[in-house]
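Let's take a quick walk through this one, a few spots at a time. Have the structure open as you read.

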Amino acid sequence: MSEINPKWQRDTLPIGGEWITPSSSERITVISPSTGQPVGSVPDSSPDDVHRAVAAAKAAFHSDAWSSLDGAGRADLLDRFAEEMMKREDDLVEAVTIASGIPSSSTRYETLPLLLAALAKFAQMARDEVVEQDRESALPLPVSARVRRVPLGVVAIIIPWNIPLLGAVTKLSEAWAAGCTTVFKPAPETPFDALIVAEIAEAAGFPAGVLNVVTGGVTSSQALVDNPDVNAVNFTGSTATGRLIAQASAKHLRPCILELGGNAASLVLDDAPMDEVVPGLVRMALALNNGEACIAQTRVLVTEKRKEELVAGLAAAVTGIGVGDPFEPTTMVGPLISEKHRARVEDLIASATAEGARLVAGGSRPEGLGEGYYLEPTVFADVTNDMRIAREEIFGPVVTLITVADEDEAIRIANDTEYGLSHSVWSSDTEHGMEVARKLNAGSVWLNGSMVLDPNVPFGGWKASGYGRDGGLEGFHSYQQTQALFQLADMS
Ligand code: NAD
């Protein structure tokens with residue numbers, strides 16, 4: 001599945017309702033993480049292409065075809081998008097798998113159902129939208145006021161390689177539901193599904209220019225965030241890049257939503273149901289997205305009382321994790337995205353050993369998978385929270401166990417990170433588990449379960465994990481601004 005396939009040689013960009021030839025001949029070669037070999041290439045959009053895309057999105061925003069649609073009209077488009085998306089299921093699964101190494105079964109059985117739920121939920125939000133609402137005056141004056149919600153305009157959406165299709169469709173559809181038009185820049189490593197998403201939008205009957213896609217890297221991304229006609233930016237990626245996006249957004253005094261890095265803790269309380277904890281951690285820390293997940297629960301906090309039981313459980317469980325070709329339906333962990341990224345994770349593994357952590361399982365490249373960027377699922381015990389592997393976002397199939405004296409120390413250590421995206425708690429006492437959850441400084445906390453991303457619930461970070469929210473009415477409203485309409489009664 002990794003030879004150059006003409007289907008993954010794309011020469012044009014969907015801008016303004018046409019597939020245009022880019023202004024530059026620069027290309028981005030996409031490498032298969034499974035083999036290390038090129039599988040195709042796409043245009044490396046120039047700033048001119050990006051500006052053309054923004055102009056198209058701006059024209060679309062003001063066009064009758066888009067601006068005359070009410071929430072119900074936009075919802076109908078989202079419904080049609082969902083139908084067309086499922087017609088392209090196989091293409092989407094292949095596009096994501098070949099470029100990202102994320103197991104195809106995950107895209108097919110987890111991502112696509114989640115996207116259908118998101119499209120349905122955002123369509124419902126658009127249908128139920130209250131565009132204008134009376135607001136009672138707080139003044140002792142004969143004033144009647146109405147608050148009106150107005151879409152922001154052109155939204156730039158920029159995502160990383162670890163959430164290709166998921167990030168694309170959830171963010172685009174929420175922006176569309178709220179009435180915005182979009183310029184989407186996928187990560188250079190995973191551009192194929194983005195071009196299929198544009199074909200789906202076209203087949204669903206979206207007006208020209210509502211979705212424009214520019215494939216490219218840092219240069220095109222910078223041109224996009226520097227364009228003064230972009231009214232809002234929704235960025236997901238590293239904290240370092242997030243800071244740059246925030247600076248560019250400040251220059252233009254425009255809102256941005258920043259979904260940045262994470263370094264989650266999983267608190268295994270003394271009464272935790274270990275038969276659920278072990279498979280839960282296999283999924284939440286090791287297998288999800290090959291461990292390349294901002295919400296991976298990598299710092300497991302456990303007291304001496306349950307520690308060895310957990311160590312033994314995880315050591316046994318990792319032997320059952322299928323590592324290999326992401327196209328194989330039984331694969332749970334595929335390759336990491338690139339040689340450079342695997343070297344970074346291996347460096348963190350080496351640092352943990354050097355700093356005195358105990359390697360329980362994994363830590364090496366799997367046998368028989370010489371090509372590609374594979375890494376064994378890895379378990380460390382006796383990690384301390386000052387070790388590099390506990391301070392930095394690992395972004396690979398690695399879980400670390402940190403021994404704590406008690407629950408209070410677990411809470412303190414969980415919060416002792418610059419990030420605040422997510423944490424999790426395991427306890428047989430759900431009421432108490434929820435009390436612990438409330439003491440954790442993060443945008444999402446899961447109790448006794450796998451990571452649920454719910455389109456009806458806001459998702460986003462605290463601290464260096466960013467600000468702003470995707471999902472829920474909070475996300476929907478972040479694509480809109482308000483206008484206050486006052487009517488003063490005749491006071492003569
Ligand atoms: P990255 O910041 O390097 O790149 C992300 C995107 O930004 C890419 O499309 C890239 O082309 C673009 N980009 C890079 N430099 C830029 C610049 N100077 N100006 C404008 N755009 C630029 O991120 P990455 O390392 O590829 O992705 C992994 C990171 O994403 C991790 O830190 C992970 O935690 C984070 N992430 C966060 C969430 C979340 O929801 N909080 C979800 C997934 C991933």
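## Around Ser422

Leaving aside residues up to four places away in sequence, Ser422 touches Ala264, Ala265, Ile295, Gln297, Ala442, Ser444 and Trp446. You'll find Ser422 in strand β18, which covers residues 422-426. Keep in mind that this is a predicted model.

Ser422 counts as buried because its relative accessibility is 1%, with the cut-off for buried being under 20%. Its side chain has a polar partner too: the side chain of Gln297, at 3.0 Å.

## The nonpolar cores

The largest nonpolar core has 60 residues, and the ones touching the most other members are Phe81, Met85, Trp176, Phe184, Phe192, Phe206 and Leu211. A separate core of 33 residues lies apart from that one, with Val300, Val318, Met451 and Phe459 among its members.

Back to Phe192: beyond residues up to four places away in sequence, its contacts include Trp8, Val30, Val39, Ser41, Ile98 and Ala99.

Helix α5 runs over residues 104-128, 25 residues in total. From first C-alpha to last, α5 reaches 35 Å, close to the 36 Å expected at 1.5 Å a residue.

Where does α5 bend? Look at Thr111, where the angle is about 30°, with a proline, Pro113, following within four residues.

## Out at Pro228

Another proline, Pro228, sits in the loop between α8 (218-226) and β10 (232-236). Is Pro228 buried or exposed? Pro228 counts as exposed, since its relative accessibility is 61%.

Not counting residues up to four places away in sequence, Pro228 touches His252 and Arg254.

Terms used: Residues are numbered from 1 along each chain as its sequence is written. This is a predicted model: local features need pLDDT of at least 70, side-chain atom pairs count only at pLDDT 80 or more; totals for chains, interfaces and linings use all residues. Side-chain values use heavy atoms; hydrogens and water are left out. Helices (H or I, at least four residues) and strands (E, at least two) are DSSP runs, numbered from the N terminus. Buried means under 20% relative accessible area, exposed over 50%, partly exposed in between (1.4 Å probe, protein chains only). Contact means heavy atoms within 4.5 Å. A nonpolar core is a set of buried Ala, Val, Leu, Ile, Met, Phe, Trp, Tyr and Cys residues joined through side-chain atoms within 4.5 Å. The expected span of a helix is 1.5 Å times one less than its number of residues. The bend at a residue is the angle between axes fitted to the seven residues ending there and the seven starting there. A polar contact is a pair of N or O atoms within 3.5 Å; within protein, one must be able to donate a hydrogen and the other to accept it, and residues adjacent in sequence count only if both atoms are side-chain atoms.
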